[in-house]
Amino acid sequence: IKAFIFRIIIAQIAFGQSENHVIVTGTKCTMIPPKGFIAATGISGFQNKHLNASIAILEIPLSVQEFSEGFATEGLSAKGMTLVDKAIIGFDSSEALYIKVSQSAKGITYHKQMLVFGDSLKAVLVIGVYPEKNKIIETDIHNALLSTRYNESQNINPLEAVNFMIKVNGTEFKLVNYFTGSLIY
C-alpha cells in the first residue's frame with residue numbers, strides 16, 4: 001500500500017496535476033477552480049454567478065513574447081485599465097507574466113488578474129475577473145490561475161466548448177478551430 005500511495009504522489013508531481021484539476025473545455029489546460037465556481041457558458045473557463053466573477057483561458061497562436069508586449073502600461077491605459085502589479089514569476093517549472101489591473105465598467109470597478117505563459121508558437125492567457133465588492137475572492141482567483149497546467153497532448157473537442165451548433169452538412173465548410181466561444185470553419 002505504501003508503494004501504491006508513493007506512485008500516486010509521484011504521478012501527481014510528475015504531471016503537475018491532482019484529482020482537483022479540472023479540464024478547461026476548449027483548451028489544452030486544466031485548473032483547480034475556486035470553490036463555488038462551475039464550468040462557464042460562452043467562454044472556456046469557470047464562473048461564479050453569485051459573485052459576478054469568472055476565470056477564462058484563451059490560447060492565442062502568437063509567441064508568448066509578442067503577446068506579452070501588448071501588456072505595456074501605455075497599452076493597458078489605452079484600454080481603460082490601471083496597472084496595479086506586473087511581474088515575471090516562476091510558474092510550472094518555467095516563467096510567466098503576472099499582471100493585475102483594475103478597470104471600471106458601468107460604474108463598477110472590476111479587478112483582473114492575468115497570467116500569460118507559453119512558447120514561441122503560442123501564448124496562453126488566463127484571466128480572472130471579479131468586482132471590487134467581491135474582492136474577498138482575490139486570493140482564490142490568484143491560486144486558481146497559478147494552478148493552471150498546459151497539456152499539449154490533451155484532446156480538444158471544440159463542439160463541447162460552445163453552447164450552439166452550426167449545421168454544415170452539404171457544404172464545403174470544415175471545422176478548423178475553436179477560439180474563445182467561436183467555431184472557425
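Which residues does Ser63 touch, not counting residues up to four places away in sequence? In the predicted model described here, Ser63 touches Asp119, Ser120, Leu121, Lys122 and Ala123 under that condition, where contact means heavy atoms within 4.5 Å.

The model is predicted, and local features need pLDDT of at least 70, side-chain atom pairs count only at pLDDT 80 or more, and totals for chains, interfaces and linings use all residues. Residues are numbered from 1 along each chain as its sequence is written, and side-chain values use heavy atoms, with hydrogens and water left out. The chain has a mean pLDDT of 84, and 79% of its residues reach 70 or more; pLDDT is the predictor's confidence in each residue, from 0 to 100. Helices (H or I, at least four residues) and strands (E, at least two) are DSSP runs, numbered from the N terminus. Among the elements of the chain, the highest mean pLDDT, 97, belongs to helix α4 (residues 138-146), and the lowest, 42, to helix α1 (residues 2-15). The pLDDT is below 50 over residues 1-17, a stretch that has six contacts in the model beyond near neighbours in sequence. Where pLDDT is low, the predicted coordinates should not be read in detail.

Seven strands make up an open sheet with antiparallel pairing, in the order β3-β4-β5-β9-β8-β7-β6; two strands pair if DSSP finds at least two bridges between them. The edge strands, β3 and β6 (81-91), each pair on one side only. Helix α4 packs on this sheet and touches β5, β6, β7 (94-105), β8 and β9. The direction of α4 makes about 20° with that of β8, with axes taken as lines fitted to C-alpha atoms, for helices over the stretch in contact, and angles running from 0 to 180 degrees between N-to-C directions.

At the β3 end of the order, strand β3 (residues 38-39) pairs with β4 in the antiparallel sense over two bridges, and Ala39 has Phe46 of β4 as its bridge partner. The β3-β4 hairpin has five residues between the strands, and Gly42 takes a positive phi near 90° there. Strand β4 (residues 45-48) is covered on both faces: Gly45 and Gln47 on one side, and Phe46 and Asn48 on the other, are all buried. Buried means under 20% relative accessible area, exposed over 50%, and partly exposed in between (1.4 Å probe, protein chains only). Strand β4 runs antiparallel to β5 (residues 53-60), to which four bridges join it, with Asn48 partnered by Ala53.

The bridge partners in β9 are Gly128 for Ile55 and Val124 for Phe117. Nine of the nine residues of β9 are buried. Ala123, Leu125, Ile127, Val129 and Pro131 point one way from the strand, and Val124, Val126, Gly128 and Tyr130 point the other way.

A second open sheet comprises three strands in the order β1-β2-β10, paired antiparallel. Strands β1 (22-23) and β10 (149-150) stand at its edges with a single partner each, so one side of each is left without a neighbour in the sheet. Two bridges join β1 to β2 (residues 29-31), and Val22 stands opposite Met31.

The largest nonpolar core has 20 residues, and Met31, Ile55 and Val126 have the most contacts inside it. A nonpolar core is a set of buried Ala, Val, Leu, Ile, Met, Phe, Trp, Tyr and Cys residues joined through side-chain atoms within 4.5 Å. Strands β2, β5, β8 (108-118) and β9 (123-131), together with α4, are the elements that give two or more residues to this core. Another core, of 18 residues, lies apart from it and includes Val64, Met81, Ala123 and Leu125.

Ser63 lies in the loop between β5 and α2 (64-68) and is buried, with a relative accessible area of 12%. A polar atom of the Ser63 side chain lies 3.0 Å from the backbone nitrogen of Glu66. Lys122, in the loop between β8 and β9, also counts as buried, at 16% relative accessibility. The side chains of Lys122 and Asp119 are joined by a polar contact of 2.5 Å; a polar contact is a pair of N or O atoms within 3.5 Å, where within protein one must be able to donate a hydrogen and the other to accept it, and residues adjacent in sequence count only if both atoms are side-chain atoms. Not counting residues up to four places away in sequence, Lys122 touches Ile60, Leu62, Ser63, Val64, Phe117, Tyr150 and Glu152.
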